[in-house]
Every structure is written in C-alpha cells, then in structure tokens.
Amino acid sequence: ECVHSYARARLHSAGALAAELGGTVCLAVVTALLAKAQVPDKLDRMPTVYALIVCAFSLNVALSAVRVLETDRLVFWRESAAGLSARAYLFSRLAVDLVPFGLHVVCFCLPYRDLAQPNLSLADLCALFSGVVLCASGVGYVCSVGAPPSLSAVLTGFVVCFSTGFLAGNAPTLAEAGGGPMRLALDLSYGRWGTECLVVTDLSRMPSAYHRELGALFMQVMGIRPRCGE
C-alpha cells in the first residue's frame, strides 16, 4: 500500500524529476571539464577534484530525497500516529525511488565519461555512483524524517559535505589519520571510499608508465592502498 500510494505521487511530479535530471546532466558536464583540465600535468589535484565530484553528486541526490519526503511529511506523521512503521515507510520510498535514482546515475555517468574520459569503464563508473546514490539518499531520508522541516535540508547538506569533504581522505590523509578515532571516522565515511575508488582506478590505469608511477607515488604519500579498481 505504501509503495502504490508513493508511486502515484511520484508520477504526478514527473516534471520536477525532469528538472532534477537536467541539473544532473549540467553537473556532469561541469565536473567532467574540471577533471579533464587536470590531466596529465596536474595529477596531484585529482583526489581533491574527485572528492568535489562525489560531494556535488551526493548533494544533488540527497537534497532530491529531502524534497521528495518533505511533500509527504504530514502523511508520514499521520500514518505513524496510526501505527505505520517508519522502516516500512522509508523502504517503500526507496523501492519507488530506485528508478529515478538510476536515471540520476545514467544522466551523470554518460556525459561525464564522454567528456572527462577517465580510466574507468562505463559499468565501473555506474556501479560506483550507484553506491554513492544509496548512501546519499539514505542521508536525505533519515534527515528528512528525523529533523524538523526547517532543518532537514541544512542538516542533510552538513552531513553530506562533512562526509564527502572533511572525511574524504584528502585532509587529513589516511597516512595522517593514524589509527585513532579519525581513522575510524574515515573508514565509516562513504565519501572517503567513493573518492578512493575513483583515485585508485583512474591513476593506476594511466596509459603512460610515467604517469602511472607518479600516481602510485602520490597514492603512497596519501596513505591510499589500492583495494579497488585493480
């Protein structure tokens, strides 16, 4: 019942979804041109650029999730008072939103790969950003349901930016974090893992042996151990 009612509501907001997808395409074009400008002479900037890409894409998806749930907040509170499980509510939203979020991934990855020409296959890129979508939308859902309406968007933006910015593994780096609480926070940050996978995959597959060596040296300095993209 939750899924059917929410699916009908999403169909009525197809225009808003089209506008969001248009924004995703524009984001892909801008970030692709930014990434392309760093190759091959500014490889040391790639981790920062990739962290920015993950952050921007996450904000786009997370705030979209917040907007979707904001329109249904009163219904959620009414149904919760009648005994509706919050878990069932969130899972019903996620089940219906899998298609729009999949469209976000495709609308981002296709133009990004065509313009930036990273050393990743389209399948790898889509798989990575699908993981980012699940994490970012989850942040949006939880903040939208758990925070007051006036704070949900702000809280979502803060959590996403903190995870994909400060906890992206660039500053502090994994080498600087050591083994304390900061390292634990980095290990729990989806922004760190998303950025690391992009960095490792791209730099380790550089066509030039010289640039691959530079990439390997930079990853060593950053404390990144290749665990994905090999």
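Predicted model: local features only at pLDDT ≥ 70, side-chain atom pairs only at ≥ 80, totals over all residues.

Student: Which residues touch the most other members in the largest nonpolar core?

Tutor: That core has 37 residues, and Ile53, Phe57, Phe108, Tyr112, Phe129 and Leu198 touch the most other members.

Student: Which helices supply at least two residues each?

Tutor: α2, α3 (46-70), α5 (86-116), α6 and α10 each do.

Student: Take Phe129 then. What is it in contact with, leaving aside neighbours within four places in sequence?

Tutor: Phe129 is in contact with Ile53, Phe57, Val105, Phe108, Cys109 and Leu198.

Student: Let's switch to Leu128. Where does that one lie?

Tutor: Leu128 lies in helix α6, residues 122-146. Its relative accessible area is 16%, so Leu128 is buried, the cut-off being under 20%.

Student: What does Leu128 touch, not counting residues up to four places away?

Tutor: Gly194, Cys197 and Leu198. Take Gly194: Leu128 and Gly194 are 66 residues apart in sequence, but their C-alpha atoms are 6.9 Å apart in space.

Student: New topic: Thr24. Buried or exposed?

Tutor: Buried, because Thr24 has 0% relative accessibility. Thr24 is found in helix α2, residues 14-36.

Student: What does the side chain of Thr24 make a polar contact with?

Tutor: With the side chain of Asn60, at 2.7 Å. Beyond four places in sequence, Thr24 touches Phe57, Asn60, His104, Cys107 and Phe108.

Student: I also had my eye on Ser64. Which helix does Ser64 lie in?

Tutor: Ser64 lies in α3. Ser64 is buried too, with a relative accessible area of 1%. Setting aside neighbours within four places, Ser64 is in contact with Glu20 and His104. His104 is also on the list of residues that Thr24 touches.

Student: Now the packing of α9 and α10. What angle do they pack at?

Tutor: About 70 degrees, with the axes of α9 (residues 181-188) and α10 (residues 190-204) 5 Å apart. That angle makes α9 roughly perpendicular to α10.

Student: Which residues meet there?

Tutor: From α9, Arg183, Leu186, Asp187 and Leu188; from α10, Tyr190, Arg192 and Trp193. The residues of that contact divide into 4 nonpolar, no polar and 3 charged.

Student: Last one: Gln117. What's its phi?

Tutor: Gln117 has a positive phi of about 50 degrees, although it is not a glycine.

Student: Why point that out?

Tutor: Because most residues other than glycine have a negative phi.

Student: Where does Gln117 lie, and is it buried or exposed?

Tutor: Gln117 lies in the loop between α5 and α6. At 51% relative accessibility, Gln117 counts as exposed, because the cut-off for exposed is over 50%.

Methods. Residues numbered from 1 in each chain as written. Heavy atoms only, no water. Helix = DSSP H or I, 4+ residues; strand = E, 2+ residues; numbered from the N terminus. Buried < 20%, exposed > 50% of the residue type's maximum accessible area, 1.4 Å probe, protein only. Contact = heavy atoms within 4.5 Å. Polar contact = N/O pair within 3.5 Å; in protein donor to acceptor, adjacent residues only side chain to side chain. Axes fitted to C-alpha atoms, helices over the stretch in contact; angles between N-to-C directions. Parallel < 35°, antiparallel > 145°, perpendicular 65-115°, else oblique. Nonpolar A, V, L, I, M, F, W, Y, C, P; charged D, E, K, R; others polar. Core = buried A, V, L, I, M, F, W, Y, C linked by side-chain atoms within 4.5 Å.
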